[in-house]
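Hi everyone, thanks for coming. I'd like to walk you through one model today, so please have a look at the sequence and the structure first.

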Amino acid sequence: MGSKAIVSILLMVSLCAANFFTQGVAQMQTPPTIPGIFPIGLPIDLVKCWASLFNVEGCVLEISKSIFSGNFENVEAACCKAFSALDANCWPQMFPLNPFFPPLLKDNCARIVPNSRPHN
C-alpha cells in the first residue's frame, strides 16, 4: 500500500472520528463556550459547519486532498459552492492547523463558481 493510500485512510479515520465526536457534543443541551477560543455567547456549531461539506458527495475528501497536496484543481463546483457558503467564523475551528488554507480555497472557488466572491 502506497504512502498516499495510508495518508488517505488515516485522514478519513480522523475525519470520521471528529464527526462522531462533534455529533456527541452537539447532543448536549447547552453548548459550552470556552473563553479565549470561542467568544462568550457566540459558540461556533462545528457540526453545522461540517454538515454542509459532508452533504456534498466526496467534498470532504476533495478538500482533504487539497490540504495535503496544495493542489486545488480537483475540487469540483458543488464542493466549492458548499465551501463558499460556509460562515467565515467556522474556518478557524475547522482548519486550526492551517489558517491560510480556507482563504486560498475560497479564492480558487471564486474562479470555479462564478457566483462566489473571493476572500477579502
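Predicted model: local features only at pLDDT ≥ 70, side-chain atom pairs only at ≥ 80, totals over all residues.

Let me start with a term: a nonpolar core here is a set of buried Ala, Val, Leu, Ile, Met, Phe, Trp, Tyr and Cys residues joined through side-chain atoms within 4.5 Å. Buried means under 20% relative accessible area, exposed means over 50%, and partly exposed lies in between, using a 1.4 Å probe and protein chains only.

Residues are numbered from 1 along each chain as its sequence is written, and side-chain values use heavy atoms, with hydrogens and water left out.

Now the core. The largest nonpolar core has 21 residues, and the members that touch the most others are Leu53, Ile63, Phe83, Met94, Phe95 and Leu105. At least two core residues come from each of α2 (46–54), α3 (59–69), α4 (77–84), α5 (91–94) and α6 (101–112). The largest share, 4 residues, is supplied by α4. Those helix labels come from DSSP runs (H or I, at least four residues; strands would be E, at least two), numbered from the N terminus.

Let's zoom in on Met94. Setting aside neighbours within four places in sequence, which residues is Met94 in contact with? They are Leu46, Cys49, Trp50, Leu53 and Leu86, where contact means heavy atoms within 4.5 Å.

Next, the pair α2 and α3. Their axes are 7 Å apart and the packing angle is about 100°. We call angles under 35 degrees roughly parallel, over 145 roughly antiparallel, 65 to 115 roughly perpendicular, and the rest oblique. So α2 and α3 are roughly perpendicular to each other. On the α2 side the contact is made by Trp50, Leu53 and Phe54, and on the α3 side by Cys59, Val60 and Ile63.

Staying with α3, its buried residues are Cys59, Val60, Glu62, Ile63, Ser64 and Ser66. Just after this helix, Gly70 takes a positive phi of about 75°.

On to the sulfurs. How many disulfides does a search of the whole structure find? There are 3, taking a disulfide as a pair of cysteine sulfur atoms within 2.5 Å.

One of them joins Cys49 to Cys90, with S to S at 1.9 Å. This link is left-handed, with -65° about the S-S bond. Cys49 is buried at a relative accessible area of 3%, and Cys90 is buried at 7%.

Another disulfide joins Cys59 to Cys79, S to S 2.0 Å. Here the link is right-handed, with 70° about the S-S bond. Cys59 is in α3 and Cys79 in α4, 20 residues apart, and both are buried.

Then there is Cys80 to Cys109, S to S 2.2 Å. That link is left-handed at -70°, and it connects α4 with α6 across 29 residues. Cys80 and Cys109 are buried too.

Counting bonded cysteines along the chain, the pattern reads 1-5, 2-3, 4-6.

Methods. Axes fitted to C-alpha atoms, helices over the stretch in contact; angles between N-to-C directions.
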